Amino acid sequence: MKKGQKTIFLIVTFILIFLLPLLGSLAKWKGLPPGYGDFPAQKVEADPGFSLLYFSLACIVALLITLVLAFPRLFGFKVSPQISRPQAGKTAFPVWFWWSLPVLGVSWFLMWARLDLFEPAENYTFVPLWWSFILILDGIVYKRTGGNSIISRKPHLMQLLAVVSCFSWFAFEYLNFFVIENWYYPNEDIFSNFGNVFWFSLSYTTVLPAIVEWYLLLGTFKGLKERYSNGPKLNVSKALLIIYFVIGLFLAFGMGYYPYLLFWVLWVALVPMLSAAMALCGYWTPFTPVKNGDWSRIILIALATLCNGFFWEFWNFGSEWFHDSIPTNPNYWKYSVPYLDKIHIFSEMPILGYYGYLFFGVNCWIVWLIAAYVFKFDADFELNGKNR
């Protein structure tokens with residue numbers, strides 16, 4: 001397949017991700033689904049109630065994932081003794097780490113405290129909160145690696161991550177319409193329509209940078225990569241890739257036609273479709289190292305997103321939970337998840353929903369790579385230059 005054909009194939013595949021759920025939804029509803037086009041998304045109808053069968057099946061999947069992560073030896077991973085790494089020396093935290101600490105503290109305080117004196121500023125705390133957090137993570141990576149981080153070595157990459165992040169999360173917001181709003185934003189009246197689009201665009205720039213910083217931070221911990229780098233080898237044939245791709249097509253259509261039964265496909269369909277398309281074109285994907293038994297990249301990006309998901313849910317929950325007054329956080333979201341909405345620890349997210357973050361991280365990396373292959377830029381964010 002020639003380079004031009006590869007690019008066309010990737011673009012067509014990406015278009016199908018948007019088109020197939022729409023076609024499934026049109027067949028289901030004989031028109032557009034309820035709530036389609038509302039931005040930010042709003043709750044438009046009640047979900048099906050709790051299902052013990054669905055919940056039990058989801059628990060089995062969650063248990064299996066937990067066992068793989070906690071006890072990799074049981075699944076064929078050869079976990080060697082931790083390899084000692086040379087210490088980076090006494091590197092100080094960079095200046096952006098120290099500048100970001102007060103920004104994070106003030107933003108967090110204003111978001112949760114609801115002081116009358118600063119009420120106009122409370123609407124605008126999400127973006128400074130998250131960008132300061134991203135810079136703090138980068139500063140920790142910088143210190144742990146002896147001066148090696150995205151901001152210090154690849155600042156242009158952070159800009160690209162922000163741009164791709166913005167557009168990719170809009171894609172997820174679009175797909176959310178076809179599962180009848182698994183998440184929605186009840187405080188939509190704080191800004192005008194234009195204000196919502198502008199502010200949420202800024203907010204969406206934080207998603208990929210935060211996940212990548214967590215990925216790099218986890219990679220600095222001795223032995224964590226080695227824990228998952230020598231596992232079962234999985235070399236997938238071209239025929240299986242085609243089957244994998246076709247399964248993704250059916251799942252994408254099914255998400256629109258069975259919005260409640262297949263709501264979870266929103267986090268999964270992109271993986272078989274886009275990763276199979278990239279592999280068929282001969283491009284590197286996070287699954288490529290698996291053929292040699294190295295599962296570390298897939299697992300670390302999943303764990304990175306789960307770590308970041310804790311802070312997403314933590315700051316979101318606290319911004320509204322302690323107050324009965326007029327809402328001030330336009331980014332505040334709630335969940336409307338069918339069948340599984342049981343057992344909440346401290347957040348709006350049901351506990352099983354946290355497992356969705358593991359798949360979301362892989363989705364994010366794949367979308368990032370698709371953007372890089374189509375628009376011809378270097379997607380390597382590994383600090384050691386060994387992304388391939």
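Analyst: Helix α1 gives the most to the nonpolar patch, with five residues. The model is a predicted one, in which local features need pLDDT of at least 70 and side-chain atom pairs count only at pLDDT 80 or more, while totals for chains, interfaces and linings use all residues. Residues are numbered from 1 along each chain as its sequence is written, and side-chain values use heavy atoms, with hydrogens and water left out.

The patch covers about 920 Å² and is made by Ile-11, Ile-15, Leu-19, Leu-23, Leu-26, Leu-32, Tyr-36, Phe-253, Tyr-257, Tyr-258 and Leu-261. Patch residues have over 30% relative accessible area and no salt bridge, and nonpolar side chains (Val, Leu, Ile, Met, Phe, Trp, Tyr) are joined within 5 Å; a salt bridge is a side-chain nitrogen of Lys or Arg within 4 Å of a carboxyl oxygen of Asp or Glu. Areas come from the Shrake-Rupley method with a 1.4 Å probe. The elements that give two or more residues to the patch are α1 (3-29) and α11 (238-257), where helices are DSSP runs (H or I, at least four residues) numbered from the N terminus. Ile-15 has its place in helix α1 and, at 46% relative accessibility, counts as partly exposed, a class that lies between buried (under 20%) and exposed (over 50%).

Turning to the rings, the structure holds 61 aromatic pairs, counted where the ring centres (for Trp, of the six-membered ring) lie within 6.5 Å, with planes under 30 degrees apart taken as stacked, over 60 as edge-to-face and the rest as tilted. Trp-284 and Trp-365 form a tilted pair, because their centres are 5.8 Å apart and their planes stand at 50°. Since Trp-284 lies in the loop between α12 (270-280) and α13 (296-321) and Trp-365 in helix α14 (residues 354-375), this pair ties together parts that are 81 residues apart in sequence. Trp-284 is buried at 10% relative accessibility, and Trp-365 is buried at 2%. The rings of Phe-317 and Trp-321, by contrast, have centres 4.9 Å apart and planes at 25°, so that pair is stacked. Both residues lie in helix α13, four residues apart, about one turn of the helix; Phe-317 is buried at 13%, whereas Trp-321 is exposed at 56%.

Charges also sit over rings, which requires NZ of Lys or CZ of Arg within 6 Å of the ring centre and within 35 degrees of the ring normal. Lys-6 lies over the face of Tyr-283, at 5.5 Å from the ring centre, and the charged end of Lys-143 sits over the ring of Phe-93, 5.1 Å from its centre.

Key:
Buried < 20%, exposed > 50% of the residue type's maximum accessible area, 1.4 Å probe, protein only. Patch = residues over 30% accessible without salt bridge, like charges linked within 9 Å, V, L, I, M, F, W, Y side chains within 5 Å.
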